[in-house]
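Student: Please take a close look at the backbone: the helices, and the phi and omega values in the loops. What should I note there?

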Amino acid sequence: MRSPPWSSPRWPSRKGATPGVETGAAPPLRPLRCRPPLPIRAMCAAVAADPTKCRSGTQRRTDIEQRLASALAAAPSGLSPANLHSAYNLPTTAGSGMTVGIVNAYNDPNAESDLAAYRSTYGLSACTKANGCVRQVSQTGSTTSLPANDSGWAGEEMLDIDMVSAVCPNCNIILVEAVNSATMADLGAAENEAVALGAKFVSNSLGGGESSYQTSDDTAYFKHPGVAITVSSGDSAYSAEYPAISQYVTAVGGTALTTASNSRGWTESVWKTNSTEGTGSGCSAYDPKPSWQTDTGCSKRMEADVSAVADPATGVAVYDTYGGSGWAVYGGTSASSPILASVYALAGTPGASDYPAKYPYSHTSNLYDVTSGNNGTCSPSYFCTATTGYDGPTGWGTPNGTAAFTSGTSTGNTVTVTNPGSQSTTTGGAVPAGCKATLTFSLHIDTAETTTGTAYDKLTVTAGSTTLATYWNLNHNSGYAQKTFDLSALAGQTVTLKFNGVDDTALTTG
């Protein structure tokens, strides 16, 4: 059986031998530069003599003193959970019952204890193996036979699970560690295992060059309807990467996020440190263009879809004691991918047959459009340059709440009831915590019923388990009547709005 095109590790083996590459397969996954200029370095800079420890997609600032949590006199440097919630207008009480999967390679023996330190520092509830909040398994699902420990991957793993905790503190976490090898076969097996274990949201902070075999890998590892799979777009500036460019995943670009005096309180631009370091983007040579992606300059799949903070210079706080010495500021699109996977989780379970990468394309008004910066030189210009609306480096933009990550459409829903029959339509969305929320819609009822006293046909409007109103054939009217309901009691929850119509077998109401 043919080995996947990524049968070669991203880096030389730990013994120093460089594995061969199958003829016709993609080249070995390229490493992030292990010696970028200070004050930013790759996670492996301290051990650059062993390139296997270099983890692409994760970077750490080195101009900030590394301090253990027990020695902290003030809050850690880097963006906090509160910062991320403020910047992206996220609810703080949603996500209960949701599980986010994290796919990585090798084992971090300190993952649970480091996660505890991160969460306790920011006042988040305990998330332990004992209380079922976090699971740490191999690509086969084993909790006892884990891969070999690796300090180079530990920083990646802690960045990922810390970001899930920051964005969706009520979510459960499954950390799936590929066994002893950073290959597509093992990482793909870990992807499938995360889904098999129940994760409806899976983040991947990995990538490499495209290959003519990648559409086969799409089917083998990433074709999971009903699961929101996010993938980092890469940290090598303008260039397309796989699997971010897969038709079945959400490609997540990166921004520089800073405070501002505007109404939002924050501003963002394309992350670009230099000509070889920044968020990835590009047009695929192989993956077909999904029906929901309509940009005209790329005839195949275009990267990215959405984005979030990734610039190490404006990065996030992470706690890691196996690959680091405690608190540090991390960046790379390895940060933006788990952030977006967690935003999907806040928004609720995807539709069972959906590929949720399409959701933001129906809710572009619910994203912060990033309109400045670039990650290189290209033609057409939107492939690498931010502009109003869609562009390659940042997609449609960054989260403004969770509405852009739900299956509903921004243009509303129409219910049509046949005779006889029962039909319903559903649209989901999160009501931001602390906000006043209202539901407003216009209603027109026609009926062929002639009775003025008997209710035959019914339309019920519900928000979650709450019935907001019931209308009958007796409520027919000649025009549209506006109806408004206060949903403030549901603030902080992800609710499903339903309009359910039931008609009897006789005269029609609609």
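Tutor: Helices (H or I, at least four residues) and strands (E, at least two) are DSSP runs, numbered from the N terminus. The model is predicted, so local features need pLDDT of at least 70 and side-chain atom pairs count only at pLDDT 80 or more, while totals for chains, interfaces and linings use all residues. Residues are numbered from 1 along each chain as its sequence is written, and side-chain values use heavy atoms, with hydrogens and water left out.

Take α1 to begin with, which covers residues 81-88. Pro81, Leu84, His85, Ala87 and Tyr88 are buried there, buried being under 20% relative accessible area, exposed over 50% and partly exposed in between (1.4 Å probe, protein chains only). These residues lie on the same side of α1, because they cover an arc of only 165° around the axis; the arc is that of the directions from the helix axis to the C-beta atoms. After α1 comes asparagine 89, with a positive phi near 55°.

Positive phi values also occur in two loops. Tyrosine 106 is not a glycine, yet its phi is about 65°. It sits between β3 (99-105) and α2 (111-121), and tyrosine 106 is buried at a relative accessible area of 12%. For alanine 237, likewise a residue other than glycine, phi is near 65°. Alanine 237 belongs to the loop between β7 and β8 and is buried, with a relative accessible area of 1%. As background, most residues other than glycine have a negative phi, and most peptide bonds are trans.

The loop between β7 (228-232) and β8 (250-259) also holds proline 243, and the peptide bond from tyrosine 242 to proline 243 is cis, with omega near 15°. A cis bond also links serine 379 to proline 380, where omega is about 0°. Proline 380 is found in the loop between β17 (367-368) and β18 (398-399).

Last, α3 has 17 residues, 151-167. From the first C-alpha to the last, α3 reaches 25 Å, close to the expected 24 Å (1.5 Å times one less than the number of residues). Of the 17 residues of α3, 16 are buried, so this helix is largely enclosed by the rest of the structure. At the start of α3, the backbone nitrogen of glycine 152 has a side-chain oxygen of aspartate 150 within 2.8 Å.

Notes. A polar contact is a pair of N or O atoms within 3.5 Å; within protein, one must be able to donate a hydrogen and the other to accept it, and residues adjacent in sequence count only if both atoms are side-chain atoms.
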